[in-house]
Number of protein chains: 2
Amino acid sequence: MTTATAGTDLSRATQLFHALSDETRLAVVEMLHDGERCVCDLQDALDVAQSRLSFHLKVLKDAGLVTDRKEGRWVHYALNSDTLAELLTIAGDLKPSRRVLAVRGGRACCD
Amino acid sequence: MTTATAGTDLSRATQLFHALSDETRLAVVEMLHDGERCVCDLQDALDVAQSRLSFHLKVLKDAGLVTDRKEGRWVHYALNSDTLAELLTIAGDLKPSRRVLAVRGGRACCD
DNA sequence: GTATTATATCAACTATTCTTGATTCGTCAA
DNA sequence: TTGACGAATCAAGAATAGTTGATATAATAC
């Protein structure tokens, strides 16, 4: 069911993977794992320059991986679990089922 | 069980995500989805310069996402489903469980 | 042997991404 | 108001990644 059009949207997939291909951003995601955090909090914990953190938060936000919520002068970021679910689907589609692997076997191209 | 040390290996995670953060490489992965292919075959189908494809195959191979098998003058590439399983685990660990979300709620930092 | 083919590698270049420090904007407190 | 703080944005430079064309290597065919 997921196979026919799976992976068609390569650019969306690359956007997600790219957003996660940076240690600072992954560390942010990890910190948000158990709930939302304000920027100052993340900055403290991760010990990164403010503008740098802001840059990475934007990458995550543009990819839809996090959401932000303004409250007074603070901004709270949280994981977007819909997008994380989307990621799981995409990642799952990359993995061939055992059956498919069995069907094609040694036979390949240029023989 | 996966939680305590989950995500500790940020650099491995970034390597995997980075390897998948390119459309050409994702297209390769997609082509390998139903079995191994020789380079010439991939090159034909994807219509990319040979050295460029070789570069991208190396990125995928360095990340462990594909394996290569030399046969005469051809090299056949195939997905490494162990690594794809690893990817799924990593991606899964990014997504907080519903329970965790519920426990932490509005309360955050700087109040 | 020589020629040809499949692939990898290298060097030079281009493009993209990341970092830094400065500036700006909005919010709150005095 | 004015001043301070939290956060976003911008411009410039540094670093990294990707592309291209040329060359190298290894296997096969002649």
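The crossing of H2(A) and H1(B) is right-handed. Keep in mind that this is a predicted model. Here, the axes of helix H2 (residues 23-31) of chain A and helix H1 (residues 10-19) of chain B come within 9 Å.

**H2 of chain A against H1 of chain B**

- The two axes cross at roughly 115 degrees, and since 65 to 115 degrees counts as roughly perpendicular, H2(A) and H1(B) are therefore roughly perpendicular to each other.
- On the H2(A) side, the contact is made by Glu23(A), Leu26(A), Ala27(A) and Glu30(A).
- H1(B) answers with Leu10(B), Ser11(B), Ala13(B), Thr14(B) and Phe17(B).
- Sorted by class, the residues of the contact of H2(A) with H1(B) come out as five nonpolar, two polar and two charged.

**H3 against H4 in chain A**

- Helix H3 (residues 39-46) of chain A and H4(A) have axes that come within 10 Å of each other and cross at roughly 115 degrees.
- That angle is why H3(A) and H4(A) end up roughly perpendicular to each other.
- H3(A) passes H4(A) in a right-handed crossing.
- From H3(A), the contact uses Val39(A), Leu42(A) and Gln43(A), while H4(A) brings Gln50(A), Leu53(A) and Leu57(A).

**H2 against H4 in chain B**

- Helix H2 (residues 23-31) of chain B packs on H4(B) at an angle of about 75 degrees, and the axes are 10 Å apart.
- So H2(B) and H4(B) are also roughly perpendicular to each other.
- H2(B) makes the contact through Thr24(B), Arg25(B), Val28(B) and Val29(B).
- The H4(B) residues in that contact are Arg52(B), Leu53(B), Phe55(B), His56(B), Leu57(B), Val59(B) and Leu60(B).
- In the contact of H2(B) with H4(B), seven residues are nonpolar, two are polar and two are charged.

**Around DNA strand C**

- There are 19 residues around DNA strand C, and the ones that come nearest are Ser51(A), His56(A), Cys40(B), Gln50(B) and Tyr77(B).
- Of the atoms of DNA strand C within 4 Å of the protein, sugar and phosphate account for 65%.
- Ser51(A) goes for a base: an N or O atom in its side chain is 3.1 Å from a base oxygen of DNA strand C.
- Cys40(B) works through its backbone, with a polar backbone atom 2.6 Å from a phosphate oxygen of DNA strand C.
- Tyr77(B) uses its side chain, where an N or O atom is 2.6 Å from a phosphate oxygen of DNA strand C.
- Helix H4 (50-62) of chain A supplies at least two residues of this surface, and so does each of helix H3 (39-46), helix H4 (50-62) and strand E3 (74-79) of chain B.
- The surface near DNA strand C has seven nonpolar, seven polar and five charged residues.

**Around DNA strand D**

- DNA strand D is surrounded by 19 residues, the closest being Cys40(A), Gln50(A), Tyr77(A), Ser51(B) and His56(B).
- Sugar or phosphate makes up 69% of the atoms of DNA strand D within 4 Å of the protein, and bases make up the rest.
- A backbone N or O atom of Cys40(A) sits 2.5 Å from a phosphate oxygen of DNA strand D.
- Ser54(A) also reaches a phosphate oxygen, at 2.9 Å from an N or O atom in its side chain.
- Gln50(A) goes for a base of DNA strand D, with a polar side-chain atom 2.7 Å from a base nitrogen.
- H3, H4 and strand E3 (74-79) of chain A each supply at least two residues of this surface, as does H4 of chain B.
- The surface near DNA strand D divides into seven nonpolar, seven polar and five charged residues.

Technical notes
Residues are numbered from 1 along each chain as its sequence is written. Chains are lettered from A and ligands numbered from 1 in the order in which they are written. This is a predicted model: local features need pLDDT of at least 70, side-chain atom pairs count only at pLDDT 80 or more; totals for chains, interfaces and linings use all residues. Side-chain values use heavy atoms; hydrogens and water are left out. A residue is near a molecule or strand if one of its heavy atoms lies within 4 Å of it. A polar contact is a pair of N or O atoms within 3.5 Å; within protein, one must be able to donate a hydrogen and the other to accept it, and residues adjacent in sequence count only if both atoms are side-chain atoms. Helices (H or I, at least four residues) and strands (E, at least two) are DSSP runs, numbered from the N terminus. Ala, Val, Leu, Ile, Met, Phe, Trp, Tyr, Cys and Pro count as nonpolar, Asp, Glu, Lys and Arg as charged, and the others, Gly among them, as polar. Axes are lines fitted to C-alpha atoms, for helices over the stretch in contact, and angles run from 0 to 180 degrees between N-to-C directions. Angles under 35 degrees count as roughly parallel, over 145 as roughly antiparallel, 65 to 115 as roughly perpendicular and the rest as oblique. A crossing is left-handed if the near helix is turned anticlockwise from the far one by less than a right angle, and right-handed if clockwise. Contact means heavy atoms within 4.5 Å.
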